[in-house]
Amino acid sequence: MMSLDRCHNIQDLQRRARATLPHPIYDYLEGGADDEWSLKRNTSAFDNWQFLPNTLMNVASVNPATRLLGHKLAGPILLSPTGMSRLFHHDKEFAAARAAERFGTFYGLSAMGSTRIEELADSSHGLKFFQVYIFKDRGLTREFLAKSKQGGYQALCLTVDTPIAGNRERDIYSGMTIPPRPTLRALAGFATKWRWLAGLAKNRDFFIANVADRLNATERGTSSIIDFVNKQFDPSISWQDLEWLASEWDGPLILKGVLSPDDARRAQRIGVSAIMVSNHGGRQLECAAAPIDCIPALRDAVGNDLELILDGGIRRGTHVVKALAMGADACSIGRPYLYGLAAGGEAGVLKALEILQAETIRTMALLGATAIDEINQSHLVPVGRLVAQPPS
Ligand SMILES: Cc1cc2nc3c(=O)[nH]c(=O)nc-3n(C[C@H](O)[C@H](O)[C@H](O)COP(=O)(O)O)c2cc1C
């Protein structure tokens, strides 16, 4: 198996993750809804744009640092909230949060994570936000808010693209459950994954840590993610819930899963600080628009007072730079850091961030930009169209 030193891009980390993880767990990480059209489109939509570089720009020093939600980041890349990191590595969310801290960016802890809000707060002193879903048990949301405040989380994030579960057919075929219970069919997929199996001796925290105590014995038992979401999440979630959350949380509030300019404007009026322009990595509404295709209209709709984070499809530094050129303030990654987590725990997550950061810096230099705020739409030309003459 390829060592981390020999992983030169995100695809190398993906290959290593695939070789490490039992097949149902890899499919849970990788999969999208229905035919995975949105999943593929999130990345391929970047190919509609080509760069128009400026030359002779003195790029001896290129600085990818930026500011987001009032904090300085080492680069324009965040770690998106993802559920059940214990599936991928025994150091679970701690490893990802520590890597984000070492790199200098935000880590998003998911309400579906396998680590408690307060445990992560005690072990990581980096930037972090907590991502909530609205459960039918509204008391849980109040508990999340109180713990996030107490734990010093810099921001809160509400995900709004999951009123019900998306149709992730890979999980249905593989029989993926939480905790994982290999069926006879899936047994072979677990049996040969020695590195992953060795992690079982370290811990078996395969539960949704911030929710587990509130579930009754039947609810705590083995279930598919789809069943869990459909039983526990409240599909009646509405704008009133966002208003309520905004009135209860006095720090920066991020709304995740918005693609429509109308929704963005409405959220802005309620007082949201940032929007994660996202279709949940193609795991929820199949055929939802690719985030990169939504950025220009969203930027026009909200002006410069609301921060836009492109979330979904980033696999290269060129994707990061294209997103910034279209009007995003930063980008967020899910699968790329999870590949790193599966491939090598904290070091693997850091490797994913470092790969994307190095590619971003190289792209900026070759584009003739020495700082993030120098990247703009003049650096992009739609593929298939001739470069326009400047007005004389
Ligand atoms: C395994 C996995 C679990 C996820 N769990 C959550 C979650 O609990 N909450 C959430 O808001 N988004 C979740 N997401 C979506 C990510 O936050 C993010 O939107 C998506 O991964 C971005 O697309 P990318 O993987 O192409 O970077 C999850 C994504 C993956 C791959």
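Reader: Which residues does Gln357 touch, not counting residues up to four places away in sequence?
Author: In this predicted model, the place of Gln357 is in helix 16, which covers residues 335-367. When residues up to four places away in sequence are not counted, the residues that Gln357 touches are Pro64, Ala74, Gly75, Pro76, Ile77 and Phe103.

Reader: Does Gln357 count as buried or exposed?
Author: The relative accessibility of Gln357 is 11%, and the cut-off for a buried residue is under 20%. Because 11% falls under that cut-off, Gln357 counts as buried.

Reader: Which backbone oxygen does the side chain of Gln357 reach?
Author: Ala74 is one of the residues that Gln357 touches. At 3.1 Å, the side chain of Gln357 reaches the backbone oxygen of Ala74.

Reader: How does Gly344 count by its relative accessibility, as buried, exposed or partly exposed?
Author: Gly344 lies in helix 16, and its contacts, leaving aside neighbours within four places in sequence, are with Leu4 and His89. Buried means under 20% and exposed means over 50%, with partly exposed in between. Since the relative accessibility of Gly344 is 25%, this residue counts as partly exposed.

Reader: Where do the buried residues of helix 12 fall when seen down its axis?
Author: Helix 12 spans residues 239-248, and its buried residues are Asp241, Leu242 and Leu245. Seen down the axis of helix 12, these residues fall within an arc of 100 degrees, so they line one face of the helix.

Reader: Which exposed residues does the face of helix 12 turned away from its buried side carry?
Author: The buried residues of helix 12 pack against several elements, including strand 6 (128-132), helix 6 (138-150) and helix 13 (261-270). On the face turned away from that buried side, helix 12 carries the exposed residues Gln240 and Ser247.

Reader: Is helix 14 roughly parallel or roughly antiparallel to helix 15?
Author: Helix 14 (residues 291-302) and helix 15 (residues 317-326) pack with their axes 9 Å apart, at an angle of about 20 degrees. Angles under 35 degrees count as roughly parallel, which means that helix 14 is, relative to helix 15, roughly parallel.

Reader: How many nonpolar residues does the contact of helix 14 with helix 15 have?
Author: Helix 14 contributes Ile292, Ile295 and Pro296 to the contact, while helix 15 contributes Lys322, Ala323 and Met326. Sorted by class, the contact has one charged residue and no polar residues, and its number of nonpolar residues is five.

Conventions:
Residues are numbered from 1 along each chain as its sequence is written. This is a predicted model: local features need pLDDT of at least 70, side-chain atom pairs count only at pLDDT 80 or more; totals for chains, interfaces and linings use all residues. Side-chain values use heavy atoms; hydrogens and water are left out. Axes are lines fitted to C-alpha atoms, for helices over the stretch in contact, and angles run from 0 to 180 degrees between N-to-C directions. Helices (H or I, at least four residues) and strands (E, at least two) are DSSP runs, numbered from the N terminus. Angles under 35 degrees count as roughly parallel, over 145 as roughly antiparallel, 65 to 115 as roughly perpendicular and the rest as oblique. Contact means heavy atoms within 4.5 Å. Ala, Val, Leu, Ile, Met, Phe, Trp, Tyr, Cys and Pro count as nonpolar, Asp, Glu, Lys and Arg as charged, and the others, Gly among them, as polar. Buried means under 20% relative accessible area, exposed over 50%, partly exposed in between (1.4 Å probe, protein chains only). A polar contact is a pair of N or O atoms within 3.5 Å; within protein, one must be able to donate a hydrogen and the other to accept it, and residues adjacent in sequence count only if both atoms are side-chain atoms. The arc is that of the directions from the helix axis to the C-beta atoms.
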